[in-house]
Amino acid sequence: MQKKLRILIGKPGLDGHDRGAKIIARTLRDAGYEVIYSGLHQTPEMIVNTAIQEDVDAIGLSILSGAHNYLFPAVIKLLKANKAEDVVVFGGGIIPEDEIAGLKKEGVAEIFTPGADTRDIVKWIESNVQPRI
Amino acid sequence: MTKNLKEWEEGTLKSFLAKAPESQKEFTTLSSEPIERLYTADQVGQNHQEDIGFPGEYPFTRGVYPTMYRGKLWTMRQFAGFGTPEDTNTRFHYLLSQGQTGLSTAFHFPTLMGYDSDSPRSRGEVGVCGVAVDSLADMEILFKGIPLEKVTVSMTINGPASILLAFYLANAEKQKCDLKKVGGTIQNDVLKEYIAQNSYLVPPDPAMRIVVDMIEYCSQHVPKWNPISISGYHIREAGSTAVQELAFTIADGVAYVDACIKRGLDVDSFAPRLSYFFNAHMDFFEEVAKYRAARRLWARLMKERFGAKKAESMKCRFHVQTAGCSLTAQQPENNIIRTTLQALSAVLGGCQSLHTNSMDETLALPTEKAVQIALRTQQVIAFESGVTNTIDPLAGSYFVEALTDKMEKEAMAYIEKIDSLGGMVEAIKKGFPQMEIVLASHKYQNQLEKKEKIVVGVNEFITDEKPNTDLLKVDSEAVTKKQTERLNALKAKRDSEKVNAGLAALKASASSKTNIFPDLLACAHAYCTVEEISNVLRGVFGEYHDPGIY
């Protein structure tokens, strides 16, 4: 039997808009993944620590405060520093279309914006996230 | 004898349906409340006259004032804030020049969470979702050239509300205003933070104590100030139904009144200054019914449960904001139409003030052009549509009255459930309202994906479109730099003995049962920063971490 994927849904930064993060956490749990939800107001350090302790395969970051251009790269940098750069990072939130390419360059695997279908997110995870060795 | 509904159903309707069935098996509101095919006098309550009454009279179903918009229009109050205090001051002057009648301040996340702009916790967020305010010095710039005795100001701040109110009042004192004449509103509704919006400073019990300190202080010294705006807006944005929004908000109101009475305050000494804030979502009639039910429900609770005697104590006065969560990033121009319908429901529901969202708010902060269209939407409703000419024009509609009755009843059932859990503070600790919202939000998402609910441009009528790049972008790094320089200069210049004495006195009052507000005012005058004051409160009361219920 294949190992169940472990996914951390993280809320970095100070914004408290957690409707999307909770919907994704619930959707992924219903899809059969092991989901860890960080809770709110996490620093990039807290998220990466949780990711390592919980040995997750992917991190989904939800940011609605506009701080994505700082927070996404901060998480990715810390993963690298902790030799965990194979953890797939994806994200969602209010992220302007023209800033997505820049975030992907920084190492964010995919960005889902408002109106995204949760079934598409599950499909994306199925084909883009593998259990880490 | 006239024909009754049953005869019509078995006659005309039945034979018609045999030939032409309806498009859906079940018709429901946005919140999934079933809607009948037709409403008649039979569905309207027995005590109809008693239930709806007259405007300005108990139970205020038809409005809190005897003349409503014939006397005075609602306040057009657009929420604004971004960048430095200078940036937002410029936007405030622009809005006033365009005919806006009140101001409403959005603070950035670091302020909302009790951190200064130079904190490591604030990186990337400074000036982005609101204006950076770190001390009284920033408040002075924010309201420069705006006479605080004349313009009413609303401030959206909750966990650190007491700190920002202290800054605001200190600034008014510096402007030589008489605090007895200063009017405005501070949101200060901490309970809905734990339920939905999640910007808090300390755990629920001490947060309630701080709120009561503020209500007590304002009732004695700043009588025209609304020290709390009990808010359903964010509960709805978090995914609740209309009934949940109504029920949890009124239940929060009940909890504040309870806490003030326990402090020893007379209900009629503070209740007239409690105000409400609701969402205007997409389902037009559901929203109108919600506002009407809110007024009646609150009036009845105040009179029957709390024994209020003054009519003013029973009036549910409220601000409305159109639903941010209903706006779509796809085909953003459609948002103008959504906002218009929502604003109309708020007006037909008898709101006292209104914010209309800008069409580009799902993409970024609104541009000046988008803000102007949003304000014009209110002005067209106010001055062209004619809906302001008479009071509560939808009263007597079988549908609206039946829906109003139903919402009141269902909200009351929730309130009784919360009573049985020990009141709202205890219900929050048990995660009850949070879980109800998660379930409603998840259900709605599923309905969207199954196309049981249609959102134009999102799951139906989709077009290929180019992304809009005409967006307002805040350079957070630049704001951080400017605010950090200002903080450094302030800390070098201010009287550090006064700062230390102020913070020490605050610590002492917070640790005892003394009202902390006079000490907060002293801290504000000493130019203590948001984070310095927050740290004292966090030190005495502890921090709160959300239970992460999903």
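These legends walk you through several close-up views of a predicted model.

**View 1**
Start with the largest nonpolar core, which has 168 residues. Which of them touch the most other members? They are Ile125(A), Phe143(B), Tyr168(B) and Met424(B). Helix H10 of chain B, running over residues 242-263, gives the most to this core: twelve residues. Apart from this core sits another one, made of 23 residues, and Val48(A), Ala51(A), Val108(A) and Ile111(A) are among them. As a bit of background, nonpolar side chains tend to be buried together in soluble globular proteins.

**View 1. The surroundings of Met424(B).**
Now zoom in on Met424(B), one of the core residues that touch the most other members. Skip its neighbours within four places in sequence, and see what else it contacts. You'll find Leu191(B), Ile195(B), Phe248(B), Ala251(B), Asp252(B), Ala255(B), Ile418(B) and Pro433(B) there.

**View 2. Where chain B meets chain A.**
Here 38 residues of chain A are in contact with 41 residues of chain B. Together the two chains bury about 3,200 Å² between them, and carbon and sulfur atoms give 56% of that area. Which residues of chain B lose the most area to chain A? That would be Arg121(B), Glu449(B) and Tyr550(B), which together make up 24% of what the chain B side buries.

**View 3. Polar links and helices at the interface.**
Look for polar contacts across the interface of chain B and chain A, and you get 15 residue pairs, both partners having pLDDT 80 or more. Four helices of chain B each supply at least two residues of the side that touches chain A: H4 (109-112), H7 (191-197), H9 (233-237) and H18 (432-449). H18(B) provides the largest share of that side, with eight residues. Sort the chain B side by class and you get 20 nonpolar, twelve polar and nine charged residues.

In one salt bridge, the side chain of Arg119(A) meets that of Glu449(B), at 4.0 Å from N to O. Arg119(A) also forms a salt bridge with Asp117(A), where the closest N and O atoms are 2.8 Å apart. Is Arg119(A) buried, exposed or partly exposed? Its relative accessible area is 44%, so it counts as partly exposed.

**View 4. A salt bridge between two strands of chain A.**
The side chains of Glu34(A) and Arg6(A) form a salt bridge, 2.5 Å from N to O. This pair links distant parts of the chain, since the partners are 28 residues apart: Glu34(A) is in strand E2 (residues 34-37) and Arg6(A) in strand E1 (residues 6-10), both of chain A. Glu34(A) counts as partly exposed because its relative accessibility is 32%. Arg6(A), at 19%, is buried, as the cut-off for buried is under 20%.

Over all chains, the salt bridge count comes to 42. One of these joins the side chains of Lys451(B) and Glu460(B), 3.7 Å from N to O. Lys451(B) is partly exposed at 43% relative accessible area, and Glu460(B) is partly exposed at 28%. Elsewhere, salt bridges with shared partners tie Asp51(B), Arg296(B), Arg300(B), Asp405(B) and Glu408(B) into one network.

**View 5. Thr84(B) in its loop.**
Thr84(B) lies in the loop between strand E2 (79-80) and helix H3 (85-97) of chain B. Is Thr84(B) buried or exposed? With a relative accessible area of 5%, Thr84(B) is buried. Leaving out residues up to four places away in sequence, Thr84(B) touches Val131(B), Val479(B), Lys482(B), Gln483(B) and Arg486(B).

**View 6. Thr152(B) and its polar contact.**
Another loop of chain B, between helix H5 (136-142) and strand E4 (153-156), holds Thr152(B). At 29% relative accessibility, Thr152(B) is partly exposed. Again not counting residues up to four places away in sequence, Thr152(B) touches Arg77(B), Gly102(B), Leu103(B), Gly183(B) and Gly184(B). The side chains of Thr152(B) and Arg77(B) are joined by a polar contact of 3.0 Å. For a sense of distance, Thr152(B) and Asp283(B) are 31 Å apart in space, C-alpha to C-alpha, and 131 residues apart in sequence.

Terms used
Residues are numbered from 1 along each chain as its sequence is written. Chains are lettered from A and ligands numbered from 1 in the order in which they are written. This is a predicted model: local features need pLDDT of at least 70, side-chain atom pairs count only at pLDDT 80 or more; totals for chains, interfaces and linings use all residues. Side-chain values use heavy atoms; hydrogens and water are left out. A nonpolar core is a set of buried Ala, Val, Leu, Ile, Met, Phe, Trp, Tyr and Cys residues joined through side-chain atoms within 4.5 Å. Buried means under 20% relative accessible area, exposed over 50%, partly exposed in between (1.4 Å probe, protein chains only). Contact means heavy atoms within 4.5 Å. Buried area is the accessible area (1.4 Å probe) that two parts lose on being put together, summed over both. A polar contact is a pair of N or O atoms within 3.5 Å; within protein, one must be able to donate a hydrogen and the other to accept it, and residues adjacent in sequence count only if both atoms are side-chain atoms. Ala, Val, Leu, Ile, Met, Phe, Trp, Tyr, Cys and Pro count as nonpolar, Asp, Glu, Lys and Arg as charged, and the others, Gly among them, as polar.
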